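Please consult the sequence and structure shown here.

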Amino acid sequence: MTQHGGRSGRPDLPAHDPGPARGVDRRTVLALGGALALAGLTAAPAAATSTGPLPAAGALERGGRGGPSRDRAASVRRAHDFLTAATDAYPAENPGPRLAQSYADQLGLFSTAFVYDNALAILATLTAGRRYLDRARALGDGLVFALEHDPDHDDGRLRQAYNVGPYTFYDGTPQEHGLVLPDGTANVGWQFGFLGTAVGDMAWPGIALLHLHAATRDRRYLDAARRIGEWIVANTWSRAPLGGFSFGVDGTNTPVPNGSTEHNVDCVAFFRQLGSVTRDRRWSRAAEHARAFVDRMWEPGGGYLYTGTNDGTEINRDPLPLDPQTWGWLALRERRYARALDWADDALAARDVAGEGVSQLPAGTVVEGVTFSSASLTSTASYNGLPVHQQGVWLEGTAQLASALADRGARGRGNRDDRRRGRRGCERDDDRVRAEGLLREVQGAQEAVGAGQTMGGAPLPERAGVVAASSLLDSGFGFGYFQVQHVGATSWYLLAAARANPLQPGRLG
């Protein structure tokens with residue numbers, strides 16, 4: 001299996017039809033083999049069903065003009081209901097610290113809880129103030145428990161994912177426990193090989209724990225975030241020519257030399273927040289080290305960030321993914337990185353129309369937004385025999401772009417000459433209109449797609465969670481996203497609806 005671009009992502013299942021996966025991503029293939037082959041036994045999720053005529057999810061024009069109004073407050077409440085269902089899917093097995101199951105059962109990953117998704121769930125939960133604070137604390141306690149009770153290491157690492165409820169694996173092996181095993185250790189996700197530790201999967205929990213500390217003043221969350229920072233610096237500080245932080249380690253604790261732009265953006269935000277809280281200059285130096293890598297990934301001619309590097313020396317220039325562009329703005333808020341949002345909104349635009357091609361959308365439904373990467377728009381891959389849809393919309397990424405545009409609009413992006421010409425206010429308005437249009441697309445998908453799915457065997461609340469993708473799409477990095485309700489996509493929707501920027505301190509409530 002080749003290592004591609006230092007890229008990390010949030011996959012569903014690895015591709016099986018097109019040959020070997022083309023990339024290392026932070027969840028599916030850090031194990032570099034093993035139980036992943038069994039994932040091919042999982043049936044592809046069926047298209048969502050509908051109980052009656054549904055409004056077009058993409059009824060708005062791309063500028064956000066026109067279209068039916070929707071009850072945003074009710075939609076947000078339902079999204080929080082989904083996060084509660086995911087968090088409490090196995091109450092008997094998880095009476096204390098817990099983690100949320102990442103995907104609805106229909107994906108076939110059972111009770112797998114990815115730490116990235118759980119970090120997002122904490123951040124999204126905090127946008128509601130104290131209303132769901134107990135849920136945020138339970139998830140934060142779950143991350144702290146996992147960090148402090150690893151079965152093999154005592155160095156502050158988090159694994160890619162954990163088991164949080166009972167199931168029988170595809171080979172007939174029973175998985176009988178929740179997050180906490182009878183011997184008191186964390187129930188790591190060995191069945192699917194989710195045993196590695198990636199920088200992005202450390203930085204995002206660190207960011208979430210810092211926000212949780214700010215909301216609760218509970219020192220345990222700050223101490224855990226500090227341990228995460230110490231692990232990243234001790235294990236992944238790269239001295240290769242491109243610098244930054246390397247990818248992490250695989251399940252055998254072998255370093256992975258790739259460097260990811262997205263990971264280093266995460267580190268800039270995490271270390272800046274950690275330094276702000278602790279006033280320890282070493283975190284500022286770590287943030288500067290990550291920032292230098294990000295700056296080297298910038299393509300001024302095209303106005304976007306490259307994905308990263310395979311070896312620390314050469315830049316990997318293809319494919320071009322979305323989240324370095326959106327997170328680059330959210331973390332750095334600099335004019336040149338503002339251009340990347342415009343590039344992403346144009347170059348990665350997707351429009352999924354029911355009945356066109358291999359769209360899985362219910363009849364009469366349209367969803368507009370953005371896809372995962374430049375390769376997603378041309379991919380001919382198949383997953384478990386199901387061909388990908390080149391116009392599938394990545395709902396998590398669409399919500400990310402909505403968050404970034406709203407944030408840019410709130411800050412203004414005009415330079416001095418623009419302001420003299422009176423253009424700054426127009427640009428702000430354009431960003432806000434576009435952000436609202438994207439947010440309505442995600443809300444429309446929440447209402448129209450993903451009916452009849454379950455979590456831990458129990459039916460999910462109606463029209464609650466947001467599916468990972470409007471139709472099956474290929475990331476371009478060896479994994480795909482399915483039409484299955486997802487904690488990560490739902491959490492980014494809540495962050496966007498709250499106009500929150502999780503990569504800045506004090507921007508959630």
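Q: Which residue forms a salt bridge with Glu-436?
A: In this predicted model, the closest N and O atoms of the pair are 2.9 Å apart. That separation is within the 4 Å cut-off for a salt bridge. The partner of Glu-436 is Arg-72.

Q: How many residues apart in sequence are the parts that the pair Glu-436 and Arg-72 ties together?
A: Glu-436 lies in helix α12 (residues 424–448), whereas Arg-72 lies in helix α1 (residues 72–87). The pair therefore ties together parts whose separation in sequence is 364 residues.

Q: Which strand holds Glu-368?
A: Glu-368 forms a salt bridge with Arg-351, the closest N and O atoms being 3.0 Å apart. Arg-351 lies in strand β13 (residues 349–353), so the pair ties together parts 17 residues apart in sequence. Glu-368 itself lies in strand β14 (residues 366–370).

Q: What is the relative accessible area of Arg-351?
A: Glu-368, the salt-bridge partner of Arg-351, is buried at 8% relative accessible area. Arg-351 is partly exposed, and its relative accessible area is 42%.

Q: How many salt bridges does a search of the whole structure find?
A: Some charged residues are linked in a network of salt bridges, namely Arg-137, Asp-141, Asp-218 and Arg-220. Across the whole structure, the number of salt bridges found is 23.

Conventions
Residues numbered from 1 in each chain as written. Predicted model: local features only at pLDDT ≥ 70, side-chain atom pairs only at ≥ 80, totals over all residues. Heavy atoms only, no water. Salt bridge = Lys/Arg side-chain N within 4 Å of Asp/Glu carboxyl O. Helix = DSSP H or I, 4+ residues; strand = E, 2+ residues; numbered from the N terminus. Buried < 20%, exposed > 50% of the residue type's maximum accessible area, 1.4 Å probe, protein only.
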